[in-house]
Amino acid sequence: LPGYIANPIKTLTQSIKQIAAKNYNERIHFEGNDEFAELANAFNSMAEKLGEYENSNLAKLMFEKKRIETIINNMNDPVIGISEENKVLFANNEALKILGLKDTDLIGKHIQQVSGMNDLFRSLVSDSSPSVNNKKEPLKIYANGKESYFEKEIIEINAYQNTDDKRPLGHVIALKNITPFKELDFAKTNFIATVSHELKTPISAIKMSLQLLKAEKTGETNTEQKQLLESIADDTERLLKITGELLNLSAVETGNIQLNLQDAEPLQIVSYATEAVKVTAEQKNITLSVKAPVTLPLVKADAEKTAWVLINLLTNAIRYSPEYSEVVIELSQQDSKVLFTVKDTGKGIDARYRERIFDRYFQVPGSNKTGTGLGLAISKEFIEAQGGAIALESEIGMGSRFYFSLNI
Ligand code: ADP
(Lines give C-alpha, C1' and ligand atoms only; values in the text may rest on other atoms or scores of the structure.)
Protein backbone atom coordinates (compact mmCIF):
# COMPACT_ATOMS: atom_id res chain seq x y z
CA LEU A 1 0.00 0.00 0.00
CA PRO A 2 2.75 2.59 0.84
CA GLY A 3 4.42 1.84 -2.54
CA TYR A 4 1.09 2.21 -4.31
CA ILE A 5 0.83 5.81 -3.07
CA ALA A 6 4.53 6.81 -2.79
CA ASN A 7 5.74 5.72 -6.24
CA PRO A 8 3.37 7.88 -8.33
CA ILE A 9 4.11 10.85 -6.04
CA LYS A 10 7.84 10.38 -6.64
CA THR A 11 7.28 10.21 -10.41
CA LEU A 12 5.09 13.30 -10.24
CA THR A 13 7.68 15.25 -8.20
CA GLN A 14 10.40 14.45 -10.74
CA SER A 15 8.18 15.46 -13.65
CA ILE A 16 7.26 18.74 -11.99
CA LYS A 17 10.99 19.45 -11.63
CA GLN A 18 11.38 18.83 -15.37
CA ILE A 19 8.60 21.29 -16.11
CA ALA A 20 10.28 23.82 -13.81
CA ALA A 21 13.41 23.35 -15.96
CA LYS A 22 11.30 24.29 -19.04
CA ASN A 23 11.35 20.72 -20.36
CA TYR A 24 7.78 20.76 -21.59
CA ASN A 25 8.07 17.38 -23.42
CA GLU A 26 7.83 15.60 -20.04
CA ARG A 27 4.82 13.24 -19.82
CA ILE A 28 3.56 10.85 -17.08
CA HIS A 29 1.94 7.45 -17.60
CA PHE A 30 0.17 5.64 -14.73
CA GLU A 31 -1.53 2.28 -15.23
CA GLY A 32 -5.21 1.87 -14.51
CA ASN A 33 -7.91 4.50 -14.38
CA ASP A 34 -7.97 5.63 -10.79
CA GLU A 35 -7.30 9.15 -9.46
CA PHE A 36 -3.57 8.85 -10.31
CA ALA A 37 -4.33 8.14 -13.96
CA GLU A 38 -6.57 11.23 -13.95
CA LEU A 39 -3.77 13.25 -12.35
CA ALA A 40 -1.35 12.04 -15.05
CA ASN A 41 -3.79 13.14 -17.76
CA ALA A 42 -4.16 16.56 -16.18
CA PHE A 43 -0.38 16.90 -15.86
CA ASN A 44 0.18 15.87 -19.49
CA SER A 45 -2.34 18.31 -20.84
CA MET A 46 -0.79 21.08 -18.72
CA ALA A 47 2.69 20.20 -20.10
CA GLU A 48 1.32 20.24 -23.64
CA LYS A 49 -0.30 23.68 -23.13
CA LEU A 50 2.89 25.08 -21.63
CA GLY A 51 4.89 23.71 -24.60
CA GLU A 52 2.52 25.34 -27.09
CA TYR A 53 2.62 28.62 -25.20
CA GLU A 54 6.42 28.64 -25.09
CA ASN A 55 6.68 27.89 -28.82
CA SER A 56 4.17 30.53 -29.84
CA ASN A 57 5.91 33.11 -27.63
CA LEU A 58 9.27 32.37 -29.15
CA ALA A 59 7.84 32.45 -32.66
CA LYS A 60 6.23 35.78 -31.88
CA LEU A 61 9.47 37.21 -30.51
CA MET A 62 11.39 35.94 -33.53
CA PHE A 63 8.80 37.49 -35.82
CA GLU A 64 8.96 40.84 -34.02
CA LYS A 65 12.78 40.77 -34.13
CA LYS A 66 12.68 40.04 -37.87
CA ARG A 67 10.18 42.83 -38.38
CA ILE A 68 12.32 45.41 -36.55
CA GLU A 69 15.42 44.24 -38.44
CA THR A 70 13.58 44.57 -41.76
CA ILE A 71 12.39 48.07 -40.87
CA ILE A 72 15.89 49.20 -39.89
CA ASN A 73 17.36 47.56 -42.97
CA ASN A 74 14.92 49.23 -45.30
CA MET A 75 15.44 52.69 -43.90
CA ASN A 76 16.92 55.09 -46.44
CA ASP A 77 19.19 56.58 -43.81
CA PRO A 78 22.26 54.77 -42.50
CA VAL A 79 21.93 53.53 -38.89
CA ILE A 80 24.61 51.86 -36.79
CA GLY A 81 24.08 50.45 -33.29
CA ILE A 82 26.98 50.34 -30.82
CA SER A 83 26.86 48.40 -27.55
CA GLU A 84 27.89 49.75 -24.15
CA GLU A 85 31.16 47.81 -24.61
CA ASN A 86 31.76 49.71 -27.86
CA LYS A 87 31.04 46.78 -30.11
CA VAL A 88 28.98 47.09 -33.28
CA LEU A 89 25.56 45.55 -32.64
CA PHE A 90 23.99 46.17 -36.03
CA ALA A 91 24.36 48.25 -39.16
CA ASN A 92 21.63 48.53 -41.76
CA ASN A 93 22.09 48.10 -45.51
CA GLU A 94 22.52 51.85 -46.15
CA ALA A 95 25.24 52.03 -43.48
CA LEU A 96 27.06 49.05 -45.01
CA LYS A 97 26.75 50.65 -48.44
CA ILE A 98 28.30 54.00 -47.53
CA LEU A 99 31.00 52.31 -45.47
CA GLY A 100 31.74 49.85 -48.27
CA LEU A 101 31.81 47.00 -45.74
CA LYS A 102 30.12 43.60 -45.40
CA ASP A 103 28.21 42.88 -42.20
CA THR A 104 30.78 40.22 -41.30
CA ASP A 105 33.44 42.99 -41.29
CA LEU A 106 31.40 44.96 -38.82
CA ILE A 107 28.93 43.14 -36.60
CA GLY A 108 30.34 42.12 -33.24
CA LYS A 109 33.65 43.90 -33.86
CA HIS A 110 35.07 46.50 -31.48
CA ILE A 111 34.77 50.04 -32.88
CA GLN A 112 38.51 50.56 -32.54
CA GLN A 113 39.17 47.53 -34.75
CA VAL A 114 36.83 48.78 -37.49
CA SER A 115 38.14 52.36 -37.19
CA GLY A 116 41.61 51.06 -37.98
CA MET A 117 40.54 49.83 -41.40
CA ASN A 118 37.81 52.28 -42.34
CA ASP A 119 38.33 56.08 -42.31
CA LEU A 120 34.67 56.91 -42.67
CA PHE A 121 33.74 54.65 -39.75
CA ARG A 122 36.43 56.36 -37.67
CA SER A 123 35.00 59.80 -38.36
CA LEU A 124 31.48 58.53 -37.62
CA VAL A 125 32.34 57.14 -34.21
CA SER A 126 34.56 60.05 -33.22
CA ASP A 127 32.39 62.67 -31.62
CA SER A 128 34.25 65.57 -33.13
CA SER A 129 32.83 66.02 -36.58
CA PRO A 130 34.06 69.29 -38.07
CA SER A 131 32.20 72.21 -36.61
CA VAL A 132 32.17 75.77 -37.80
CA ASN A 133 30.95 78.45 -35.39
CA ASN A 134 29.64 75.71 -33.12
CA LYS A 135 27.32 74.54 -35.85
CA LYS A 136 27.95 70.96 -36.95
CA GLU A 137 28.92 70.86 -40.57
CA PRO A 138 27.20 68.13 -42.59
CA LEU A 139 29.38 65.15 -43.51
CA LYS A 140 30.26 64.93 -47.17
CA ILE A 141 30.23 61.26 -48.21
CA TYR A 142 30.36 59.65 -51.64
CA ALA A 143 27.13 57.60 -51.77
CA ASN A 144 24.56 56.54 -54.38
CA GLY A 145 27.03 57.41 -57.12
CA LYS A 146 27.42 61.07 -56.14
CA GLU A 147 28.64 63.43 -53.44
CA SER A 148 26.07 63.22 -50.70
CA TYR A 149 25.52 65.14 -47.50
CA PHE A 150 24.59 63.62 -44.17
CA GLU A 151 23.79 65.04 -40.79
CA LYS A 152 25.04 62.89 -37.95
CA GLU A 153 23.00 62.29 -34.84
CA ILE A 154 24.15 60.24 -31.87
CA ILE A 155 21.33 58.82 -29.79
CA GLU A 156 22.27 57.49 -26.35
CA ILE A 157 20.19 54.47 -25.36
CA ASN A 158 19.43 53.96 -21.69
CA ALA A 159 17.35 51.25 -20.06
CA TYR A 160 15.32 52.26 -17.07
CA GLN A 161 14.62 49.71 -14.33
CA ASN A 162 12.96 52.53 -12.43
CA THR A 163 13.33 56.29 -12.56
CA ASP A 164 16.57 56.34 -10.52
CA ASP A 165 18.25 53.37 -12.09
CA LYS A 166 19.48 54.36 -15.53
CA ARG A 167 21.63 51.80 -17.29
CA PRO A 168 23.44 52.68 -20.52
CA LEU A 169 22.81 50.19 -23.30
CA GLY A 170 25.09 51.80 -25.88
CA HIS A 171 24.20 54.27 -28.60
CA VAL A 172 22.89 54.54 -32.12
CA ILE A 173 24.57 56.59 -34.84
CA ALA A 174 21.93 57.79 -37.26
CA LEU A 175 22.82 59.67 -40.43
CA LYS A 176 20.20 61.81 -42.08
CA ASN A 177 20.62 62.10 -45.82
CA ILE A 178 20.17 65.80 -46.57
CA THR A 179 21.48 65.68 -50.15
CA PRO A 180 18.13 66.72 -51.73
CA PHE A 181 18.04 69.81 -49.48
CA LYS A 182 21.67 70.61 -50.25
CA GLU A 183 20.94 70.32 -53.98
CA LEU A 184 18.02 72.71 -53.65
CA ASP A 185 20.22 75.03 -51.61
CA PHE A 186 22.90 74.98 -54.33
CA ALA A 187 20.27 75.68 -56.97
CA LYS A 188 19.00 78.62 -54.90
CA THR A 189 22.50 80.03 -54.41
CA ASN A 190 23.24 79.68 -58.12
CA PHE A 191 19.97 81.32 -59.02
CA ILE A 192 20.62 84.22 -56.64
CA ALA A 193 24.15 84.63 -57.98
CA THR A 194 23.03 84.61 -61.62
CA VAL A 195 20.09 86.95 -61.13
CA SER A 196 22.03 89.46 -59.04
CA HIS A 197 24.90 89.37 -61.47
CA GLU A 198 22.55 89.96 -64.39
CA LEU A 199 20.79 92.79 -62.55
CA LYS A 200 23.98 94.58 -61.63
CA THR A 201 24.85 95.66 -65.16
CA PRO A 202 21.52 97.34 -66.07
CA ILE A 203 21.31 98.99 -62.64
CA SER A 204 24.81 100.40 -63.07
CA ALA A 205 23.73 101.64 -66.51
CA ILE A 206 20.73 103.42 -64.93
CA LYS A 207 23.11 105.05 -62.46
CA MET A 208 25.32 106.27 -65.29
CA SER A 209 22.35 107.64 -67.24
CA LEU A 210 21.14 109.44 -64.11
CA GLN A 211 24.49 111.17 -63.75
CA LEU A 212 24.26 112.27 -67.38
CA LEU A 213 20.72 113.53 -66.85
CA LYS A 214 21.83 115.54 -63.83
CA ALA A 215 24.66 117.18 -65.78
CA GLU A 216 23.82 120.63 -67.11
CA LYS A 217 25.02 119.64 -70.59
CA THR A 218 22.12 117.24 -71.13
CA GLY A 219 19.64 120.04 -70.64
CA GLU A 220 17.89 121.97 -67.89
CA THR A 221 15.75 120.08 -65.36
CA ASN A 222 13.14 121.79 -63.24
CA THR A 223 12.83 121.34 -59.45
CA GLU A 224 10.23 118.63 -59.68
CA GLN A 225 12.32 116.69 -62.20
CA LYS A 226 15.38 117.13 -60.01
CA GLN A 227 13.49 115.62 -57.05
CA LEU A 228 12.37 112.71 -59.19
CA LEU A 229 15.94 112.15 -60.35
CA GLU A 230 17.14 112.21 -56.74
CA SER A 231 14.65 109.61 -55.68
CA ILE A 232 15.49 107.40 -58.69
CA ALA A 233 19.15 107.76 -57.72
CA ASP A 234 18.37 106.71 -54.11
CA ASP A 235 16.45 103.65 -55.29
CA THR A 236 19.21 102.75 -57.71
CA GLU A 237 21.76 102.90 -54.89
CA ARG A 238 19.55 100.68 -52.78
CA LEU A 239 19.15 98.15 -55.62
CA LEU A 240 22.90 98.13 -56.14
CA LYS A 241 23.44 97.55 -52.43
CA ILE A 242 20.97 94.65 -52.40
CA THR A 243 22.42 92.97 -55.50
CA GLY A 244 25.90 93.45 -54.03
CA GLU A 245 24.80 91.80 -50.78
CA LEU A 246 23.18 88.91 -52.65
CA LEU A 247 26.33 88.40 -54.70
CA ASN A 248 28.44 88.43 -51.54
CA LEU A 249 26.04 85.96 -49.95
CA SER A 250 26.37 83.52 -52.84
CA ALA A 251 30.16 83.80 -52.60
CA VAL A 252 29.93 83.06 -48.88
CA GLU A 253 27.54 80.13 -49.37
CA THR A 254 29.64 78.47 -52.03
CA GLY A 255 32.76 79.01 -49.93
CA ASN A 256 34.14 81.25 -52.65
CA ILE A 257 35.27 84.24 -50.61
CA GLN A 258 38.28 85.47 -52.53
CA LEU A 259 40.52 87.09 -49.96
CA ASN A 260 43.18 89.54 -50.89
CA LEU A 261 45.12 89.66 -47.62
CA GLN A 262 47.67 92.43 -47.40
CA ASP A 263 49.25 94.67 -44.79
CA ALA A 264 46.67 97.37 -44.38
CA GLU A 265 46.52 100.60 -42.41
CA PRO A 266 43.49 100.49 -40.04
CA LEU A 267 42.95 104.25 -40.21
CA GLN A 268 42.93 104.18 -43.99
CA ILE A 269 40.16 101.56 -44.00
CA VAL A 270 38.23 103.71 -41.52
CA SER A 271 38.55 106.90 -43.55
CA TYR A 272 37.47 105.08 -46.72
CA ALA A 273 34.37 103.80 -44.89
CA THR A 274 33.48 107.12 -43.24
CA GLU A 275 33.81 108.85 -46.60
CA ALA A 276 31.33 106.38 -48.08
CA VAL A 277 28.65 107.02 -45.44
CA LYS A 278 29.32 110.76 -44.97
CA VAL A 279 26.33 111.94 -46.99
CA THR A 280 23.93 109.52 -45.28
CA ALA A 281 25.14 110.76 -41.87
CA GLU A 282 24.81 114.41 -42.90
CA GLN A 283 21.22 113.83 -43.99
CA LYS A 284 20.41 112.96 -40.35
CA ASN A 285 22.84 115.50 -38.88
CA ILE A 286 24.82 112.70 -37.30
CA THR A 287 28.43 113.39 -36.40
CA LEU A 288 30.93 110.68 -37.25
CA SER A 289 33.95 110.81 -34.96
CA VAL A 290 37.04 108.67 -35.12
CA LYS A 291 39.10 107.90 -32.03
CA ALA A 292 42.41 106.21 -32.52
CA PRO A 293 45.80 106.09 -30.76
CA VAL A 294 48.65 107.96 -32.41
CA THR A 295 50.32 104.81 -33.62
CA LEU A 296 48.64 101.61 -34.63
CA PRO A 297 50.22 98.54 -36.21
CA LEU A 298 49.21 97.37 -39.67
CA VAL A 299 46.62 94.59 -39.90
CA LYS A 300 46.63 91.54 -42.15
CA ALA A 301 43.41 92.20 -43.96
CA ASP A 302 41.47 92.36 -47.16
CA ALA A 303 41.03 96.14 -47.06
CA GLU A 304 38.06 96.15 -49.44
CA LYS A 305 36.08 93.51 -47.51
CA THR A 306 36.92 95.11 -44.15
CA ALA A 307 35.78 98.48 -45.46
CA TRP A 308 32.58 96.80 -46.67
CA VAL A 309 31.96 95.47 -43.14
CA LEU A 310 32.69 98.86 -41.59
CA ILE A 311 30.36 100.62 -44.05
CA ASN A 312 27.67 98.11 -43.18
CA LEU A 313 28.12 98.67 -39.42
CA LEU A 314 28.15 102.45 -39.92
CA THR A 315 25.06 102.39 -42.16
CA ASN A 316 23.22 100.39 -39.49
CA ALA A 317 24.45 102.70 -36.72
CA ILE A 318 23.25 105.75 -38.67
CA ARG A 319 19.96 104.11 -39.62
CA TYR A 320 19.08 103.20 -36.03
CA SER A 321 20.36 106.44 -34.40
CA PRO A 322 18.26 109.52 -33.72
CA GLU A 323 18.99 112.78 -35.58
CA TYR A 324 21.71 115.06 -34.18
CA SER A 325 23.46 112.16 -32.44
CA GLU A 326 26.97 110.86 -32.67
CA VAL A 327 28.41 107.64 -34.09
CA VAL A 328 31.89 106.86 -32.80
CA ILE A 329 34.44 104.72 -34.58
CA GLU A 330 37.17 103.60 -32.22
CA LEU A 331 40.42 101.85 -33.02
CA SER A 332 42.58 100.20 -30.39
CA GLN A 333 45.25 97.56 -30.08
CA GLN A 334 44.62 94.45 -28.02
CA ASP A 335 47.58 92.06 -27.81
CA SER A 336 48.18 90.86 -31.35
CA LYS A 337 44.94 92.29 -32.69
CA VAL A 338 43.45 95.62 -33.67
CA LEU A 339 39.91 96.22 -32.50
CA PHE A 340 37.51 98.21 -34.70
CA THR A 341 34.48 99.49 -32.80
CA VAL A 342 31.35 101.26 -34.04
CA LYS A 343 29.25 102.77 -31.29
CA ASP A 344 25.86 104.40 -31.64
CA THR A 345 23.33 105.86 -29.24
CA GLY A 346 20.35 104.45 -31.11
CA LYS A 347 17.51 102.23 -30.08
CA GLY A 348 19.69 99.26 -29.13
CA ILE A 349 18.98 95.57 -29.63
CA ASP A 350 16.90 93.45 -27.30
CA ALA A 351 18.93 90.71 -25.55
CA ARG A 352 16.75 87.94 -26.94
CA TYR A 353 17.67 88.86 -30.53
CA ARG A 354 21.41 89.32 -29.97
CA GLU A 355 22.19 85.63 -30.63
CA ARG A 356 20.42 85.67 -33.98
CA ILE A 357 21.50 89.06 -35.23
CA PHE A 358 24.31 87.54 -37.33
CA ASP A 359 21.97 84.96 -38.92
CA ARG A 360 21.16 85.28 -42.59
CA TYR A 361 17.95 87.20 -43.36
CA PHE A 362 17.40 87.97 -39.68
CA GLN A 363 15.90 91.33 -38.88
CA VAL A 364 14.77 92.44 -35.45
CA PRO A 365 10.95 92.39 -35.59
CA GLY A 366 9.57 95.86 -36.20
CA SER A 367 12.85 97.27 -37.50
CA ASN A 368 13.40 99.16 -40.74
CA LYS A 369 12.27 96.76 -43.45
CA THR A 370 14.23 98.28 -46.33
CA GLY A 371 17.29 96.13 -45.60
CA THR A 372 17.80 92.49 -46.49
CA GLY A 373 18.96 91.17 -43.12
CA LEU A 374 22.12 89.97 -44.86
CA GLY A 375 24.61 92.69 -43.95
CA LEU A 376 25.68 91.36 -40.55
CA ALA A 377 25.67 87.72 -41.72
CA ILE A 378 28.05 88.59 -44.55
CA SER A 379 30.13 90.81 -42.22
CA LYS A 380 30.63 87.88 -39.87
CA GLU A 381 31.74 85.61 -42.71
CA PHE A 382 34.12 88.25 -44.08
CA ILE A 383 35.73 88.93 -40.69
CA GLU A 384 36.03 85.25 -39.75
CA ALA A 385 37.50 84.41 -43.16
CA GLN A 386 40.27 86.90 -42.30
CA GLY A 387 40.91 85.14 -38.98
CA GLY A 388 39.10 87.79 -36.92
CA ALA A 389 36.00 87.81 -34.74
CA ILE A 390 32.92 90.02 -34.59
CA ALA A 391 30.53 90.64 -31.69
CA LEU A 392 28.23 93.21 -30.17
CA GLU A 393 27.14 94.72 -26.92
CA SER A 394 23.87 96.53 -26.69
CA GLU A 395 21.35 97.83 -24.26
CA ILE A 396 17.84 98.60 -25.28
CA GLY A 397 17.34 102.38 -25.55
CA MET A 398 21.03 103.08 -24.87
CA GLY A 399 22.57 102.15 -28.19
CA SER A 400 24.76 99.41 -29.61
CA ARG A 401 28.45 98.74 -29.86
CA PHE A 402 29.59 96.44 -32.67
CA TYR A 403 33.24 95.46 -32.72
CA PHE A 404 35.52 93.23 -34.71
CA SER A 405 39.16 92.29 -34.41
CA LEU A 406 41.79 91.67 -37.07
CA ASN A 407 45.23 90.17 -36.69
CA ILE A 408 48.24 92.45 -36.68
P1 ADP B 1 19.73 94.95 -42.57
O2 ADP B 1 20.28 96.16 -41.92
O3 ADP B 1 19.94 94.90 -44.05
O4 ADP B 1 18.32 94.63 -42.18
P5 ADP B 1 21.76 93.61 -41.05
O6 ADP B 1 22.23 92.20 -41.08
O7 ADP B 1 22.78 94.67 -41.29
O8 ADP B 1 20.57 93.69 -42.06
O9 ADP B 1 21.08 93.83 -39.64
C10 ADP B 1 20.18 92.91 -39.12
C11 ADP B 1 19.23 93.55 -38.14
O12 ADP B 1 19.94 93.92 -36.97
C13 ADP B 1 18.61 94.83 -38.63
O14 ADP B 1 17.44 94.58 -39.36
C15 ADP B 1 18.30 95.55 -37.32
O16 ADP B 1 17.07 95.09 -36.82
C17 ADP B 1 19.40 95.09 -36.39
N18 ADP B 1 20.50 96.05 -36.20
C19 ADP B 1 21.69 96.05 -36.85
N20 ADP B 1 22.47 97.07 -36.45
C21 ADP B 1 21.78 97.73 -35.52
C22 ADP B 1 22.06 98.90 -34.70
N23 ADP B 1 23.21 99.57 -34.78
N24 ADP B 1 21.09 99.29 -33.83
C25 ADP B 1 19.92 98.64 -33.75
N26 ADP B 1 19.60 97.54 -34.48
C27 ADP B 1 20.51 97.10 -35.35
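Modeller: Start with helix α10, which gives the largest share of the lining of the largest cavity, three residues. Keep in mind that this is a predicted model.

First, the cavity itself. A search of the whole structure finds one cavity of 30 Å³ or more. The space in the largest cavity comes to about 410 Å³. Its lining has 25 residues, and N316, R319, Y320, I357 and L376 are the closest to its centre. Four elements, α8, α10, α12 and β14, each supply at least two lining residues. What kinds of residue make up the lining of the largest cavity, by class? Eight are nonpolar, 12 are polar and five are charged.

Now look at L310, which lies in helix α10. Is L310 buried or exposed? L310 has 0% relative accessibility, so it counts as buried. Leave aside its neighbours within four places in sequence. L310 is then in contact with I269, V270, A273, F340, V342 and F404. Distance tells another story for E31. L310 and E31 are 279 residues apart in sequence, and their C-alpha atoms are 106 Å apart in space.

In soluble globular proteins, nonpolar side chains tend to be buried together.

Which element gives the most to the lining of the largest pocket? It is α8, with 13 residues. By class, the pocket lining divides into 14 nonpolar, 12 polar and 14 charged residues.

Helix α12 spans residues 375-385, and its buried residues are G375, L376, A377, I378, S379, F382 and I383. L376 is also one of the residues closest to the centre of the largest cavity. What covers the buried residues of α12? The cover includes α8, α10, β13 (389-395) and β14 (399-407). After α12 comes G387, whose phi is positive, near 85 degrees.

Follow α10 onward along the chain. Y324 sits in the loop between α10 and β11 (326-334). Its phi is near 55 degrees, a positive value in a residue other than glycine. Y324 counts as exposed because its relative accessibility is 64%. K22 also has a positive phi, near 65 degrees, and is a residue other than glycine. K22 is found in the loop between α1 (2-20) and α2 (35-73). K22 has a relative accessible area of 54%, so it is exposed.

Now turn to I111, in helix α5 (residues 111-117). I111 has a relative accessible area of 13%, so it is buried. Leaving aside neighbours within four places in sequence, I111 is in contact with I82, N86, V88, F121 and V125. I111 and V125 are 14 residues apart along the chain, and their C-alpha atoms are separated by 7.6 Å.

Finally, step back to the chain. Its secondary structure comes to 12 helices and 14 strands. Its radius of gyration is 37 Å, well over the 22 Å that the globule rule gives for 408 residues, so the chain is more spread out than a compact globule. The C-alpha atoms fill a box of roughly 140 × 45 × 45 Å, taken along the principal axes. Buried residues make up 34% of the 408 residues. Take the contacts between residues at least 6 apart in sequence: 60% of them join residues at least 24 apart.

Note on methods
Residues are numbered from 1 along each chain as its sequence is written. This is a predicted model: local features need pLDDT of at least 70, side-chain atom pairs count only at pLDDT 80 or more; totals for chains, interfaces and linings use all residues. Side-chain values use heavy atoms; hydrogens and water are left out. Buried means under 20% relative accessible area, exposed over 50%, partly exposed in between (1.4 Å probe, protein chains only). Contact means heavy atoms within 4.5 Å. Ala, Val, Leu, Ile, Met, Phe, Trp, Tyr, Cys and Pro count as nonpolar, Asp, Glu, Lys and Arg as charged, and the others, Gly among them, as polar. The radius of gyration is taken over C-alpha atoms; the globule rule is 2.2 Å times the number of residues to the power 0.38. On a 1 Å grid over the protein atoms alone, a cavity is a set of points where a 1.4 Å probe fits but cannot get out, and a pocket is an open set with protein on both sides within 12 Å along at least five of seven lines; lining residues have an atom within 4 Å of a point. Grid points are joined across faces, edges and corners, and a volume is the space filled by probe spheres set on the points.
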